[in-house]
Amino acid sequence: QTMDPDSVALMAGMLFGDTSLLSKELYEAFQKNGTAHILSVSGIHISLIYGYLEVLTGRRKGLFFNGVTVMILMLYAALSGFSVSVVRSVFMILVYIASKTLHRRYDMTSATAFTAVVLLLYQPCYLFNIGFQLSYLAVFTLSTVFPWLQRKIRQWEGGEKKPLRSFLLRTLLPTAVIQAGMAPITAYVFSYFSLSGFLLNVPVIALSGVVIPLGLVLFLFTLIPGPLFAFCSIPPELVSRLMVFLNQAAYQSGVAFLSVASPAWGVVLLFYFLTFAFTSELGRKQFHTGNKKLLTSLAAGILLLTLLSSSFLDRDLRQADLVFLDVGQGDALHIKTPEGKNILLDTGGSTFRDVGKTVLLPYLLKNGVTTLDLVMVSHLHSDHYLGLV
């Protein structure tokens with residue numbers, strides 16, 4: 001009642017993963033800008049909280065402080081509904097704490113793989129959860145590609161250090177690596193490619209590092225209504241408004257994202273197999289030792305596995321000749337000719353929702369159709385032509 005509605009909706013999403021208060025327009029702005037990950041409690045949130053806890057405890061390594069840290073993280077995971085990304089992040093921090101306690105080296109890639117295997121043993125269906133896929137792909141990309149790029153940049157600099165360049169690389173490079181690594185799966189699932197995400201994620205993640213701790217403190221002040229809450233809500237509300245402004249400005253610019261046809265599964269798998277194979281520690285070692293025979297065998301194996309996988313994974317509506325689309329009242333028929341032409345007979349339509357945006361465009365892009373050769377409308381009733389409009 002005392003805060004701006006958009007700020008309340010944004011903070012509810014950031015703190016607890018509840019996006020029900022967000023307007024469709026605002027959520028779409030975050031989604032198409034590639035910053036929607038902050039609206040569902042993710043690894044970034046857990047990492048920020050763990051970082052603040054380390055600062056508050058003076059980075060003590062005792063059993064008591066580690067126990068308190070774990071309890072707080074588990075409590076926050078419960079408040080956020082134990083989403084897959086949160087469980088993954090808490091689990092990885094537990095492995096990190098265990099490695100420090102046992103005086104063992106913490107390897108991010110190994111820890112990521114270990115937690116993934118344990119979660120899949122507990123619930124195999126997580127493999128088909130988009131949150132699981134996006135969360136683990138982001139971390140795997142960061143843990144393998146980012147160190148490889150850092151080494152390449154150091155070699156390119158030749159030992160010469162420039163503060164401004166180093167700062168830009170530390171701030172822009174991690175988000176750019178994650179955005180590029182997530183691009184194929186984002187294009188496959190959501191049929192768009194975010195351009196603004198490469199730059200916008202830097203200030204958004206930085207601002208979330210302010211909003212999340214302030215919001216959690218503010219959450220405690222809800223027990224004390226009145227002027228105190230209104231006063232304490234001012235800083236997080238101002239930062240939230242700035243985040244909303246940045247996302248809306250980028251979204252309305254018209255260049256924030258590109259609608260793209262979903263790539264075939266084979267292309268997606270080939271990208272990730274090659275990326276992880278040749279930027280991993282083992283791949284780099286073979287490359288530097290000049291083991292061309294092994295590298296050639298690895299590339300051939302990846303190509304064969306990709307072809308075999310795509311043969312049974314791409315059994316979707318792309319192979320159908322006639323597809324009737326569920327547009328509610330009215331009709332929409334997609335006809336694919338033997339010559340590869342795409343024809344649409346009627347396009348559905350409604351005065352209550354944008355059928356073209358919510359049904360036609362997602363279906364066409366998801367099934368690799370970027371051009372319609374012919375569209376025919378039987379008659380000018382709204383449930384037959386508004387989808388085209």
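How many disulfides does the count come to? In this predicted model, where a disulfide requires a pair of cysteine sulfur atoms within 2.5 Å, the count comes to zero. A disulfide is a covalent bond between the sulfur atoms of two cysteines. As for cysteines themselves, C125 is exposed, its relative accessible area being 54%, while C232, at 23% relative accessibility, counts as partly exposed.

Charged pairs come next. Side chains of opposite charge can pair when their charged atoms come close. The structure holds four salt bridges, and one of them joins E28 to K357, with the closest N and O atoms 3.0 Å apart. This pair links distant parts of the chain, since E28 lies in helix α2 (residues 24–32) and K357 in helix α15 (residues 355–366), 329 residues apart.

Because they are four residues apart in helix α11 (residues 234–252), R241 and E237 are separated by about one helical turn. An α-helix has 3.6 residues a turn, so residues three or four places apart point the same way. Of this pair, R241 is partly exposed at 43% relative accessibility, but E237 is buried, with a relative accessible area of 9%. The side chains of R105 and D107 likewise meet in a salt bridge, at 3.8 Å from N to O; R105 is exposed at 70%, and D107 is partly exposed at 24%.

Aromatic rings supply a further set of contacts. The charged end of K366 sits over the ring of Y188, 3.6 Å from its centre. Between rings, the count comes to 15 aromatic pairs, and one aromatic cluster is formed by Y126, F132, Y136, F140, F271, Y272 and F276. Helix α12 (residues 265–279) has 15 residues and reaches 21 Å from its first C-alpha to its last, close to the 21 Å expected at 1.5 Å a residue. Y272, a member of the aromatic cluster, is among the buried residues of α12, which also include G266, V268, L269, A277 and T279.

Terms used: Residues numbered from 1 in each chain as written. Predicted model: local features only at pLDDT ≥ 70, side-chain atom pairs only at ≥ 80, totals over all residues. Heavy atoms only, no water. Buried < 20%, exposed > 50% of the residue type's maximum accessible area, 1.4 Å probe, protein only. Helix = DSSP H or I, 4+ residues; strand = E, 2+ residues; numbered from the N terminus. Expected span 1.5 Å × (residues − 1). Phe/Tyr/Trp six-rings, centres within 6.5 Å; stacked < 30°, edge-to-face > 60°. Lys NZ or Arg CZ within 6 Å of the ring centre and 35° of its normal.
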